[in-house]
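Visitor: Could you take me through one part of this model up close, the second chain and the side it turns to its partner? I'd like to know what packs against what, and a few spots elsewhere to set beside it.

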Amino acid sequence: MPPVRPLPRKNITPSLEPATAPVALLVGTRKGAFILRSDRARRTWKLTEPIFLGHIVHHLVLDPRDKRTMLMAARTGHLGPTVFRSTDFGRTWKEAARPPAFPKAPEREKGRVVDHTFWLTPCHANEPNAWYAGTSPQGLFRSDDGGVTWEPFSSINDDPQYRTWMGSVQDGTPDGPKLHSILVDPRDPTHLYMAMSGGGVHESVDGGKTFAPIVKGMEVVEGFDAANVTFHDPHCVRLCPSNPDRLYQQNHCGIYRLDRPSNEWTRIGKSMPKRVGDIGFPMVVHPRDAETAWVFPMDGATVWPRTSPDGKPAVYVTKNAGKSWTRQDKGFPKAHAWWTVKRQAMTADAHEPVGLFFGTTSGELWGSRTGGAGWTCLVRNLPEIYSVEAAEL
Amino acid sequence: MTVHIPSPLRSYTAQRGAVDAEGATLGEVLSALDRRFPGLRFRIITEQDTIRQHIRIFVNEEQARDLSVALRPDDEIYIICALSGG
């Protein structure tokens with residue numbers, strides 16, 4: 001395994017002032033996208049009509065650099081993957097001229113095919129119009145023209161070692177192996193992280209020309225070799241805006257924290273209640289407090305139902321970087337609620353107190369204006385929710 | 001020749017259910033269609049030039065398995081969206 005190089009340190013500090021503007025929740029579902037807009041107090045919400053009804057929308061993201069451009073990763077059951085773009089906050093849309101796609105393989109070689117674009121991340125604040133995309137099967141792509149055309153990162157997509165770590169389609173999730181959690185250091189546009197399910201967590205300090213794995217301390221399924229990057233399955237990795245040297249991770253095998261320059265993850269999920277466990281998909285970090293993070297635990301026992309343990313949904317928050325966790329379930333059903341929340345379907349806004357939001361695969365969208373202290377169902381009866389992003393208007 | 005367009009692709013063809021196209025092979029016809037209706041081809045043909053999993057293309061009554069199928073000017077091409085589940 002190649003060594004991880006020293007971290008870059010460039011002094012570009014992001015703004016961490018609390019937001020005060022209304023919030024828009026950008027919701028990707030298996031049957032289209034929706035936007036839920038709040039008032040300034042986040043008390044009342046208004047849902048749009050479906051956008052691209054019938055399209056499978058894995059991710060819908062607003063560009064925080066102009067607050068008008070939105071990209072949507074979409075396909076349908078029949079039609080291949082594409083990216084739709086709006087430059088007027090979703091009023092009108094155009095399709096990418098060249099969506100993420102792998103290069104054509106030489107004669108007699110079997111090339112890879114993008115099944116769907118799974119993850120979208122705006123690049124650094126100093127790189128306007130630039131975006132990253134992660135695909136299924138695992139591929140990393142970049143656009144420098146606002147999502148119109150996309151170029152592959154050969155350093156990941158074609159590298160023999162990375163292709164080995166990616167494994168085959170059988171080594172991924174039921175919906176296909178994915179490259180996700182593309183993170184940009186707010187201090188340095190060339191400092192990147194990304195994760196693969198399966199295939200571990202990886203870092204680049206040269207803008208993606210090269211990557212190296214960071215998996216030390218991460219556990220794998222019993223009986224497998226944790227030294228083999230292939231066996232690592234990070235579900236969601238988040239970087240703390242207030243301390244970009246701290247990352248949190250929800251993994252197939254627990255909850256972790258990484259404090260750079262260390263390369264070793266610490267399993268902070270061991271301090272979760274034993275009857276709940278530390279399995280789940282999403283991971284959410286506080287916009288201004290790197291000690292605070294939230295998870296949505298799911299049942300990882302026996303045959304892995306991946307539903308709220310005992311049918312009693314709860315969010316868990318840590319306010320001391322994982323030393324301890326507190327249950328937050330005020331407003332949720334007390335029983336018979338077998339919820340699943342996907343890795344992209346839980347997020348925070350930048351208000352004070354922080355707003356938390358998540359969508360379930362059963363089509364309910366829940367929110368908290370109080371950092372998780374109390375919860376309200378914002379919308380019911382949506383299609384299966386794949387992603388939720390909070391955008392400041 | 002005539003290419004019959006299924007409803008999921010008619011956003012590319014200004015809602016037309018059939019369009020004229022020319023080409024000596026299925027691949028040439030689809031490339032010609034993509035020049036007129038940008039983006040259409042990639043929704044039904046992969047970057048490896050294979051027909052996507054839930055797309056079927058028929059030339060007259062014969063299913064085309066790849067893009068090398070030779071065509072005559074009076075052929076009818078049917079693009080079908082099939083079997084993608086609920």
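**A close look at chain B**

Guide: Let's begin where the chains meet: 16 residues of chain B are in contact with 15 residues of chain A, contact being C-beta atoms, placed from the backbone, within 7 Å of each other. Helix H2 (residues 40-44) of chain B gives the most to that side, with 3 residues. Helices here are DSSP runs of H or I with at least four residues, strands are runs of E with at least two, and both are numbered from the N terminus. Sorted by class, the side of chain B that touches chain A has 6 nonpolar, 6 polar and 4 charged residues. Nonpolar covers Ala, Val, Leu, Ile, Met, Phe, Trp, Tyr, Cys and Pro, charged covers Asp, Glu, Lys and Arg, and the others, Gly among them, are polar.

A quick word on ground rules: this is a predicted model, so local features need pLDDT of at least 70 and side-chain atom pairs count only at pLDDT 80 or more, while totals for chains, interfaces and linings use all residues. Residues are numbered from 1 along each chain as its sequence is written, with chains lettered from A and ligands numbered from 1 in the order in which they are written.

Now for helix H1 (residues 26-36) of chain B. Its buried residues are Leu26(B), Val29(B), Leu30(B) and Leu33(B). Looking down the axis of H1(B), they fall within an arc of 95°, so they line one face of the helix; the arc is taken from the directions from the helix axis to the C-beta atoms. Buried means 20 or more other C-beta atoms within 10 Å of a residue's own, exposed means 12 or fewer, and partly exposed is in between, with C-beta atoms placed from the backbone. As a general point, an α-helix has 3.6 residues a turn, so residues three or four places apart point the same way.

What do those buried residues of H1(B) pack against? Their partners are H2 and strands S1 (2-4), S3 (55-59), S4 (62-64) and S5 (76-81) of chain B.

Strands pair if DSSP finds at least two bridges between them.

Stepping back to the cores, the largest nonpolar one has 99 residues, and Leu25(A), Leu26(A), Val27(A), Met72(A), Leu365(A) and Val388(A) have the most contacts inside it. Apart from it lies another core, of 19 residues, among them Val19(B), Phe42(B), Ile45(B) and Ile57(B). A nonpolar core is a set of buried Ala, Val, Leu, Ile, Met, Phe, Trp, Tyr and Cys residues joined through C-beta atoms within 7 Å.

S16(A) forms a hairpin with S17(A), with 2 residues between them, and 6 bridges join the antiparallel pair. Leu239(A) stands opposite Leu247(A) in S17(A). Leu47(A), in strand S3 (residues 45-47) of chain A, counts as partly exposed because it has 15 C-beta neighbours inside 10 Å.

Methods:
Two residues are in contact if their C-beta atoms, placed from the backbone, lie within 7 Å.
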